[in-house]
Amino acid sequence: MNMHTKLPVAIIGGGPVGLAAAAQLAVREEPFVLFESGDAVGTNFSDYGHVRLFSPWKYNKDEAARTLLTRHNHPLPDDDTLPFGQDIVNDYLLPLANLPEMKKGIHLMSHVEAITRKGFDKGKTHGRESAPFLLEVMENGKPVTYEARAVIDATGTWQQPNPVGSDGVAASGEEELREHIRYGIPDVSGRERSRYEGKRVMVVGSGHSAINALLELSGLEGTTVHWSLRKQNVEETYGGMEDDALPGRGALGTRIKELVDSGRVLVHEDFHVTALYSSAGRMDVWSRQDSVVEGIDEIIAVTGSRPDFSFLREVRHSFDAAIESVPAIADLIDPNLHSCGTVRAHGEEELRQPEKDFYIVGAKSYGRAPTFLLATGYEQVRSIVAYMTGDFTAAKEVKLNLPETGVCQADIQVTRKASCCQ
């Protein structure tokens with residue numbers, strides 16, 4: 001155990017997994033301090049608050065959070081209903097954050113600039129593990145330093161979207177035409193409707209977020225919808241449909257297939273964007289194969305996101321070279337190997353970093369892999385907090401029951417009702 005046991009555990013990130021870590025500590029009456037860079041918890045979820053999640057509430061509530069909310073007689077959403085992103089914030093995260101056990105440790109408008117060990121730079125080893133962590137935080141515009149006995153990084157990846165360019169870097173012209181590109185999931189049928197209605201819009205990406213954007217666009221009057229796919233076959237994006245253990249997720253595949261089959265969505269398969277050119281007030285989008293889609297007004301880039309390691313420069317951390325996940329779970333989630341929605345249970349032991357008492361959890365632990373579900377993050381932090389508080393048996397007893405997508409992808413071949421994640 002860390003000798004600085006009276007110091008708090010520092011949690012970075014006020015999303016569902018960060019708050020779950022705080023709740024796990026709170027039910028054990030362990031001190032914590034949580035830093036959220038936004039002006040409220042759950043700011044990333046609010047970014048896509050208009051989107052209905054495909055996972056029901058039972059997969060979106062942490063058990064320690066349930067305990068605290070029940071203790072204060074706060075009503076919990078029905079387990080089997082599908083929440084919108086804003087419901088996660090309004091009906092779960094905000095009430096949880098405002099409980100007395102939680103509120104005292106939460107710091108909003110607090111951006112962690114750097115983490116180090118007190119008296120040690122990254123290269124010094126002897127005595128390092130007995131030194132507390134130092135966190136340099138810009139809090140409400142003022143620099144403040146905090147000490148902590150352990151650090152849990154739950155900052156996610158949402159704020160670091162991947163570019164439109166298919167090589168991992170911005171396509172030629174992408175920066176210059178940025179005002180016509182929206183990264184993420186815009187509120188197409190709501191506050192951003194005028195931006196897309198009656199326009200020629202290209203969606204770049206193949207995941208569920210891209211499908212959500214395509215479905216919304218298809219409902220606009222006079223909008224021509226193009227879908228740029230790096231995959232060679234659009235059928236690879238449909239998922240398990242009726243075989244998906246989550247009906248909401250399966251329905252996304254069914255609905256987009258219907259739109260593609262009807263010609264409402266124009267698909268460009270094996271289309272790897274390399275350049276964007278301004279042309280008569282619109283954009284011409286070029287691919288690696290020198291094919292082009294002309295006259296695009298707006299692009300919605302839903303190409304995934306990546307973790308930010310910049311503030312961890314003085315922390316000894318490691319990540320998988322390919323997908324930038326925590327190394328020990330890379331083979332479980334690498335989309336080059338499989339596409340199942342489930343993953344083998346893992347906890348504190350798999351998430352350990354070279355820096356003792358430092359952990360990367362949640363979506364950030366998955367790096368660039370796209371299949372993260374909140375239930376995974378909740379089990380991660382439950383195991384870690386159990387270990388931190390000396391309950392080593394509970395830390396090892398990791399359990400995770402995730403609904404499978406109904407497909408397993410291996411060598412680009414899709415097989416229904418198969419499982420590659422056991």
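Which residues does Gln159 touch, not counting residues up to four places away in sequence? In this predicted model, the answer is Asn44 and Asp47. With Asn44 there is also a polar contact, in which the two side chains come to 2.6 Å. To find Gln159, look in the loop that runs between strand 7 (150-153) and strand 8 (181-183). Ala26 is 133 residues away from Gln159 along the chain, and the C-alpha atoms of the two are separated by 28 Å.

**The nonpolar cores**

Now for the inside of the protein. The largest nonpolar core has 72 residues, and the ones that touch the most other members are Met102, Ile115 and Leu135. Helix 1 (residues 16-27) gives this core its largest share, 8 residues.

Let's pick out Ile115. Leaving out residues up to four places away in sequence, its contacts include Phe133, Leu134 and Leu135, as well as Phe311, Leu312 and Val315. Ile12, Val151 and Glu314 are also touched by Ile115.

His226 sits in strand 10 (residues 224-228). Is His226 buried or exposed? His226 counts as buried because its relative accessibility is 5%, and the cut-off for buried is under 20%. The side chain of His226 makes a polar contact of 2.8 Å with the side chain of His268. Beyond its neighbours within four places in sequence, His226 is in contact with a run of other residues, including Arg200, Val201, Met202 and Val203. Leu214, Leu266, Val293 and Ile296 are in contact with His226 as well.

Val381 belongs to helix 11 (residues 374-388). Its relative accessible area is 0%, so Val381 is buried. Setting aside residues up to four places away in sequence, Val381 touches Val17, Ala20, Ala21, Gln24 and Val361. Lys118 is another story: Val381 and Lys118 are 263 residues apart in sequence and 25 Å apart in space, C-alpha to C-alpha.

**Helix 3**

Which residues are buried in helix 3 (residues 63-71)? They are Ala64, Ala65, Arg66, Leu68 and Leu69. These buried residues pack against three other helices: helix 1, helix 4 (85-97) and helix 5 (100-103). An α-helix has 3.6 residues a turn, so residues three or four places apart point the same way.

Both ends of helix 3 have something to look at. At its start, a side-chain oxygen of Asp62 reaches to within 3.1 Å of the backbone nitrogen of Ala64. After helix 3 comes Asn73, with a positive phi near 60 degrees.

| Pair | Atoms | Distance |
|---|---|---|
| Gln159 and Asn44 | side chain to side chain | 2.6 Å |
| His226 and His268 | side chain to side chain | 2.8 Å |
| Asp62 and Ala64 | side-chain oxygen to backbone nitrogen | within 3.1 Å |

**Empty space inside**

Rolling a probe the size of a water molecule over the atoms shows where empty space is left. How many cavities of 30 Å³ or more does the structure hold? It holds 2. The second largest cavity has a volume of about 30 Å³, and its lining is made up of Ser55, Tyr59, Asn60, Leu373 and Leu374. By class, that lining has 3 nonpolar and 2 polar residues, with no charged ones.

How values were computed: Residues are numbered from 1 along each chain as its sequence is written. This is a predicted model: local features need pLDDT of at least 70, side-chain atom pairs count only at pLDDT 80 or more; totals for chains, interfaces and linings use all residues. Side-chain values use heavy atoms; hydrogens and water are left out. On a 1 Å grid over the protein atoms alone, a cavity is a set of points where a 1.4 Å probe fits but cannot get out, and a pocket is an open set with protein on both sides within 12 Å along at least five of seven lines; lining residues have an atom within 4 Å of a point. Grid points are joined across faces, edges and corners, and a volume is the space filled by probe spheres set on the points. Ala, Val, Leu, Ile, Met, Phe, Trp, Tyr, Cys and Pro count as nonpolar, Asp, Glu, Lys and Arg as charged, and the others, Gly among them, as polar. Helices (H or I, at least four residues) and strands (E, at least two) are DSSP runs, numbered from the N terminus. Contact means heavy atoms within 4.5 Å. A polar contact is a pair of N or O atoms within 3.5 Å; within protein, one must be able to donate a hydrogen and the other to accept it, and residues adjacent in sequence count only if both atoms are side-chain atoms. A nonpolar core is a set of buried Ala, Val, Leu, Ile, Met, Phe, Trp, Tyr and Cys residues joined through side-chain atoms within 4.5 Å. Buried means under 20% relative accessible area, exposed over 50%, partly exposed in between (1.4 Å probe, protein chains only).
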